[in-house]
Amino acid sequence: MTDTAPRELPLQELDEVIIRFAGDSGDGMQLTGDQFTSISAALGNDLATLPEFPAEIRAPQGTLAGVSAFQVRISDFAITTPGDAPTVLVVMNPAALKAQLHNLVQGGAIIVNTDAFTERNIEKAGYKSNPLDDGTLEGYRSYPVPMGQITRDAVAEHGVKPRDAERSKNFFALGLISWMYTRPVEPTMDFINTKFRGKDLVIKANEAAFKAGYNFGETAEVFEAHYEIRPAPLASGEYTNVNGNTALAWGLVAAGVLARLPTFLGSYPITPASDILHELSTMKNFGVRTFQAEDEIAAAASAVGAAFGGALAFTTTSGPGIALKGETLGLAVSLELPMVIVDVQRGGPSTGLPTKPEQADLLMAMYGRHSESPMPIVAAKSPSHCFDAAIEACRIALKYRTPVMLLSDNALANSSEPWLLPDINALPDIGVDFETEFNGTNEDGDGIYLPYLRDEETLARPWAIPGTPGLMHRVGGIEKEDGSGNISYDPENHQKMVDVRQAKVDGIDVPDAEVMGDQDADFCFLSWGSTWGAVDAATARLQADGHKIAYVHLTHLNPFPSNLGEVLGKFKKVLCPEMNAGQLDKLVRAKYLIDVQGAHKMNGVPYTTAEIQAAALEALRV
Amino acid sequence: MTDTSTRTGPADWATDQEVRWCPGCGDYSILTAMRMLMPELDVDREKTVFVSGIGCAARFPYYMNTYGMHGIHGRAPAIASGLAMARPDLDIWVIGGDGDMLSIGGNHLIHALRRNVNLKVLMFNNMIYGLTKGQFSPTSESGKVTKSSPMGSLDHPFNPISIALGAESTFVARTHDMDRKHMMDTFRRAHEHKGAAFVEVFQNCNVFNDGAWEGITKKQNRDANLIQLNHGEPIKFGAESEFGVVIDDGSAKIVSVSDVAESSLLVHDENKEDPSTAFMLSRLARGPFEPTPVGIFRAVERTEYAASATQQLAVAQDQKGPGDLAAILRSRGTWTV
């Protein structure tokens with residue numbers, strides 16, 4: 001490389017860094033970010049990631065629409081969010097700079113691939129002049145690096161053409177960042193050899209590019225220091241890095257294993273839920289039957305049919321799919337069959353923002369079926385919690401014989417975090433028994449089967465599946481007589497059935513609401529879904545500033561924990577931050593007459609810790 | 001399977017529910033045909049499921065002593081597909097009317113047929129919406145005056161057999177509610193078929209569209225207007241079998257047998273892989289006022305959907321071993337703190 005001895009560069013210890021890699025969709029930013037995350041995980045840092053995908057699959061190269069970004073936060077302390085704003089921006093082209101600069105903290109570092117800043121690219125990005133020298137970067141620490149050129153030179157000796165060399169730029173960037181944050185080299189070498197197995201030229205090129213990036217950091221006099229982030233005090237055990245969709249898929253399969261039931265997924269591809277369908281499709285050796293239906297309604301309808309047959313059935317989708325499935329879900333409520341419906345929420349209304357998070361489907365989950373059609377709701381709070389939430393949703397579905405809505409969102413779906421692997425043997429047994437005997441008698445004293453006879457404790461009806469001799473019966477969506485299940489228009493019966501369906505949901509064994517933070521605080525956050533991480537972090541910051549702050553985070557939204565009213569009633573101020581226009585606050589106000597205030601935003605970006613902190617300060621001021 | 005002493009009879013297949021169809025409805029005779037057929041098929045009641053959507057026809061499951069689901073409008077083929085996939089061991093019949101199956105349910109019908117899911121789909125076609133009291137349906141003739149079309153319907157009707165063949169259904173047949181034996185034979189063939197079976201049943205709604213099919217199904221009209229398709233035989237009809245069918249210039253045409261050479265008469269082949277000839281036959285009649293083919297249009301073999309899905313589960317187990325939850329959770333790489 002060079003013949004000067006390596007310089008003695010100061011090694012600074014940081015408690016965290018938030019790096020955002022940004023480039024064109026073809027630049028491999030997701031892969032770069034993923035790999036950096038992987039190495040950091042292995043080193044023992046706590047971490048959280050947040051990818052930002054463009055909505056188009058392949059927007060024209062170099063345009064703003066094609067910018068793809070990946071944010072990763074690594075720390076030496078426990079964290080719950082991917083960070084409010086990056087402190088380091090790695091920018092591969094002008095469009096990425098234009099799209100991302102405003103996110104960078106003041107005084108933050110920009111590592112920029114100068115080779116991409118041609119006149120043409122600068123223009124495509126919408127700049128009038130070269131941002132590298134027109135003052136745009138004032139206030140930041142910028143580190144210009146001719147990544148393209150160096151990569152081309154490094155890979156040339158392996159016979160790689162200049163145009164193909166472009167594709168290895170991301171490994172150059174990874175090498176540079178790996179040096180900068182003192183990450184080991186071997187894991188990435190292994191990764192390259194595994195991922196590109198069979199493509200020797202690609203392997204050599206990527207390895208060379210990575211090393212070139214690493215060495216550049218070390219020898220070029222561009223950086224004034226490099227950094228170290230020590231391992232975080234995580235609980236000891238075995239970890240994997242998982243995103244919400246994967247954890248959710250695994251949770252559904254685990255539920256089937258724990259219930260000792262065959263599983264069935266009816267689904268239709270929709271961003272951002274499709275990955276769950278993909279993941280479950282690869283798990284056929286668990287006996288998971290996946291059915292890619294012709295549309296969202298067929299997806300839900302097929303799950304109803306499978307549940308009737310005795311499978312643990314699911315359907316997965318996003319907001320638009322839930323809207324379509326409304327009538328079918330109403331049928332499931334009336335049939336009182338177990339089923340889990342997953343809504344990975346995204347920006348709306350209508351087609352909205354398919355790749356951006358929002359949590360505006362809560363009221364649809366509560367009321368999105370005509371008439372009084374109550375359905376339990378479980379909501380995940382973090383990527384790894386999606387696993388537990390899936391199992392919990394299945395537990396409720398099976399025990400109470402009811403469809404259950406499981407809410408996730410785009411941020412949870414694609415963000416990842418280290419997950420302390422659970423002991424499989426400690427997971428709950430959620431199995432229920434099929435009905436195999438008569439449960440009633442007719443006037444002649446003969447045994448008969450009453451499909452709507454209820455368990456005294458749970459109000460659940462028995463589950464007798466086709467193939468069971470003697471228990472032949474018909475179910476349907478028309479109102480039925482309690483007990484016999486025969487069609488009934490009787491006025492008293494209808495009132496009774498509406499009431500008992502409601503009572504069944506109201507009586508679900510939901511864990512009590514827990515108050516986190518200062519038990520004697522006057523102020524309490526109320527939250528649900530993916531805002532948990534930011535609420536938790538904001539609480540800690542406010543406490544550090546001397547405020548007494550509590551929070552209650554709900555994972556069960558229907559029914560609410562039975563102590564919720566009492567718990568919230570103790571606080572002088574309750575603030576509910578939501579990524580919608582006010583939904584949980586409405587539900588709590590309606591049920592408990594507690595003056596819950598809301599903090600709302602709907603901009604397709606997850607709530608940041610700073611925003612929630614500011615909302616609390618605002619509320620405390622009043 | 002069972003010895004004759006424990007075999008069921010038609011009464012064993014009836015439920016205690018009072019049948020609520022209008023007196024004189026064609027559905028009664030279809031129900032009777034089904035109840036008489038089941039004992040002959042020697043199948044188990046507990047392994048039989050009737051799935052329906054919404055409509056008069058869709059009340060059918062309540063009157064059969066089997067497992068049954070009265071679902072939502074149009075969605076029965078989708079519900080049944082999920083049931084078939086989860087439970088390939090069951091005999092699943094899907095019952096609906098022309099509105100349920102071809103209007104709101106059209107999409108689910110063609111996909112279930114395309115996939116060749118092992119479902120026996122019976123569509124009772126009365127060319128009207130009965131349950132909602134008399135609107136035109138996707139099979140009603142153009143210009144039909146109904147409650148929602150006082151100046152005559154502007155719709156051009158579907159031809160259900162053409163649709164089913166276009167969806168590549170591996171079994172396509174037609175029967176009618178005035179010939180019990182014909183219905184039983186047709187349903188029996190559908191039951192024997194491995195894969196999706198589509199059967200159109202001409203059915204009379206005596207309240208909202210009385211006599212709509214009589215031009216071809218009434219006893220005295222059958223000789224002239226019902227063309228029975230028999231596999232392996234030249235297609236002939238008429239009191240003296242004086243009419244036949246030839247293919248001329250890309251369509252099926254009716255000829256007098258005496259006018260053509262015997263060898264030019266179309267010989268019916270149920271098993272023909274290419275559905276084009278069957279499609280041409282489906283186009284013979286423009287409506288129930290001219291000679292209309294009945295019987296089995298097509299009966300071909302194709303891999304059945306649920307069986308294939310089950311096979312993939314077995315192959316996956318062979319390749320990856322039985323599912324190991326602990327292993328899957330570790331499959332993306334782990335590290336230890």
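In this predicted model, the largest nonpolar core has 276 residues. The residues with the most contacts inside this core are Ala22(A), Val304(A), Ala390(A), Cys394(A), Leu406(A) and Leu83(B). Leaving aside residues up to four places away in sequence, Cys394(A) touches Leu252(A), Ala255(A), Ala259(A), Leu312(A), Val340(A) and Ile430(A).

The interface between the chains comes next. Here 49 residues of chain B are in contact with 54 residues of chain A. On the chain B side, the elements that each give two or more residues are strand E2 (67-70), helix H2 (76-86), helix H4 (106-115), helix H10 (305-320), helix H11 (325-329) and strand E12 (334-336). H2(B) provides the largest share, eight residues. By residue class, the side of chain B that touches chain A divides into 23 nonpolar, 17 polar and nine charged residues.

Strand pairing also links the two chains. Strand E19 (residues 474-476) of chain A runs parallel to E2(B), and three bridges join them. Within this pairing, Arg474(A) has Gly68(B) of E2(B) as its bridge partner. Both strands belong to an open sheet of nine strands with mixed pairing, ordered E19(A)-E2(B)-E1(B)-E3(B)-E4(B)-E6(B)-E5(B)-E11(B)-E7(B). At its edges stand E19 of chain A and strand E7 (226-229) of chain B; each has a single partner strand, so one side of each is left without a neighbour in the sheet. Neighbouring strands of this sheet are turned by 20 degrees against each other on average, direction ignored. Elsewhere in the sheet, strand E4 (residues 119-125) and strand E6 (residues 197-202) of chain B run parallel and are joined by six bridges. Phe124(B) stands opposite Val201(B) of E6(B) in this arrangement.

Chain A has an open sheet of seven strands, again with mixed pairing, in the order E11-E10-E12-E13-E15-E14-E23. Its edge strands, strand E11 (288-292) and strand E23 (556-558) of chain A, each pair on one side only. The twist from one strand to the next averages 20 degrees. Strand E14 (residues 377-379) of chain A pairs with E23(A) in the antiparallel sense over two bridges, and Ile377(A) stands opposite Asn558(A) in E23(A). Helix H10 (residues 274-281) of chain A lies across strand E10 (263-267), E11, strand E12 (312-317) and strand E13 (339-345) of that chain, and runs at about 135 degrees to E11(A).

Further along chain A, helix H17(A) has 13 residues and reaches 18 Å from its first C-alpha to its last, close to the 18 Å expected at 1.5 Å a residue. Its buried residues are Trp532(A), Gly533(A), Ala534(A), Val535(A), Asp536(A), Ala537(A), Ala538(A), Thr539(A) and Leu542(A). Their cover includes strand E20 (516-517), strand E21 (523-528), E22, strand E24 (573-578) and helix H20 (609-621) of chain A.

The helix is followed by Gly546(A), whose phi is positive, near 100 degrees. This glycine is found in the loop between helix H17 (532-544) and strand E22 (549-554) of chain A. Gly546(A) is classed as exposed because 6 other C-beta atoms lie within 10 Å, where the cut-off for an exposed residue is 12 or fewer. Between the C-alpha atoms of Gly546(A) and Glu224(A), which are 322 residues apart along the chain, the separation is 36 Å.

Key:
Residues numbered from 1 in each chain as written. Chains lettered and ligands numbered in written order. Predicted model: local features only at pLDDT ≥ 70, side-chain atom pairs only at ≥ 80, totals over all residues. Contact = placed C-beta atoms within 7 Å. Helix = DSSP H or I, 4+ residues; strand = E, 2+ residues; numbered from the N terminus. Nonpolar A, V, L, I, M, F, W, Y, C, P; charged D, E, K, R; others polar. Pairing = 2+ DSSP bridges. Buried ≥ 20, exposed ≤ 12 C-beta atoms within 10 Å, placed from the backbone. Expected span 1.5 Å × (residues − 1). Core = buried A, V, L, I, M, F, W, Y, C linked by C-beta atoms within 7 Å. Axes fitted to C-alpha atoms, helices over the stretch in contact; angles between N-to-C directions.
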